[in-house]
Amino acid sequence: MPKTTFQNLPEEKRRRILAAISREIARVPFEDTSINRIVQDAGIPRGSFYQYFEDRDDLFQYMFLYYQHQTLRVDFNYFLNYTGSAETVLCEVFGLIAKYGTVDTVDARALRNMYLYMGSGCHTMRAENSVLMNMVMKVGRRLLGEPGEDEFRAAVEMIYSIFRESMVGLFNNLDDIDSIVERFRLKMHLLFTGLNKAKETGEKATSC
């Protein structure tokens, strides 16, 4: 996460730096981004970048979190207070991010490039920096019907894995959005059908 020097910057300067970072991430695959281009575009000395971020990984973690907040900024509290099924809320979240990520804006192109960077196996998002993961953790115990700790964590890991895999697939094939969204819905339905069955029967996982 950024150093306190970045957080303490005047709002206008911080926004200018974020805009320069977004333009660079949107321009090329994340692995090809240039720190030099970012600092030149932002109008800051190169050394200042390392006063704000530890390294490229730190930048990735922060910007991915930033884009998730941009995506869910209006609906986050709605989802936290949602009283319907976990399956429904996750499908709504997927649709929201898919809609945001497929429009032709700088931030949307940057978000696509970051998901594709993860999909290439070059990078793993730290779970604690995922708005989606945190949201699932917060609402999951209520919406999943108070599962045991092991079952809960396993369910969250599966949900996040399916979500990320589906989002990478979506951004790799923008011409097939509808079928990818429907496939995500199907995967969630199958997952929660299994979870509900296990909850009803009290079935526990057997040793492999």
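**Exercise 1.** In this predicted model, find where E12 and R16 lie and how many residues apart they are, and then state what joins their side chains.

*Solution.* Begin with the position: E12 and R16 both belong to helix α2, where four residues, or about one turn of the helix, separate them. Next, turn to the side chains, which meet in a salt bridge with an N to O distance of 3.1 Å.

**Exercise 2.** Decide for E12 and for R16 whether the residue is buried, partly exposed or exposed.

*Solution.* The cut-offs needed here are under 20% relative accessible area for buried and over 50% for exposed, with partly exposed in between. E12 has a relative accessible area of 53%, and it is therefore exposed. R16 has a value of 29%, so it is partly exposed.

**Exercise 3.** Describe the salt bridge between R109 and D104, classify R109 and D104 by exposure, and then name the residues that shared partners join into one network.

*Solution.* The side chains of R109 and D104 meet in a salt bridge at 2.8 Å, N to O. R109 counts as partly exposed at 28% relative accessibility, and D104 counts as exposed at 63%. As for the network, salt bridges that share partners join E11, R14 and R15. The structure holds nine salt bridges.

**Exercise 4.** Work out whether α2 and α3 are roughly parallel, roughly perpendicular, roughly antiparallel or oblique to each other, and describe the residues in their contact.

*Solution.* The axes of α2 and helix α3 (residues 35-42) come within 8 Å and cross at roughly 140°. Angles over 145 degrees would count as roughly antiparallel and 65 to 115 as roughly perpendicular, so the two helices are oblique to each other. In this crossing, which is right-handed, R16, I17, A20, I21, R23, E24 and R27 of α2 meet R37, I38, D41 and A42 of α3. Sorted by class, the contact has five nonpolar, no polar and six charged residues.

Terms used
Residues numbered from 1 in each chain as written. Predicted model: local features only at pLDDT ≥ 70, side-chain atom pairs only at ≥ 80, totals over all residues. Heavy atoms only, no water. Salt bridge = Lys/Arg side-chain N within 4 Å of Asp/Glu carboxyl O. Buried < 20%, exposed > 50% of the residue type's maximum accessible area, 1.4 Å probe, protein only. Axes fitted to C-alpha atoms, helices over the stretch in contact; angles between N-to-C directions. Parallel < 35°, antiparallel > 145°, perpendicular 65-115°, else oblique. Left-handed = near helix turned anticlockwise from the far one by under 90°. Contact = heavy atoms within 4.5 Å. Nonpolar A, V, L, I, M, F, W, Y, C, P; charged D, E, K, R; others polar.
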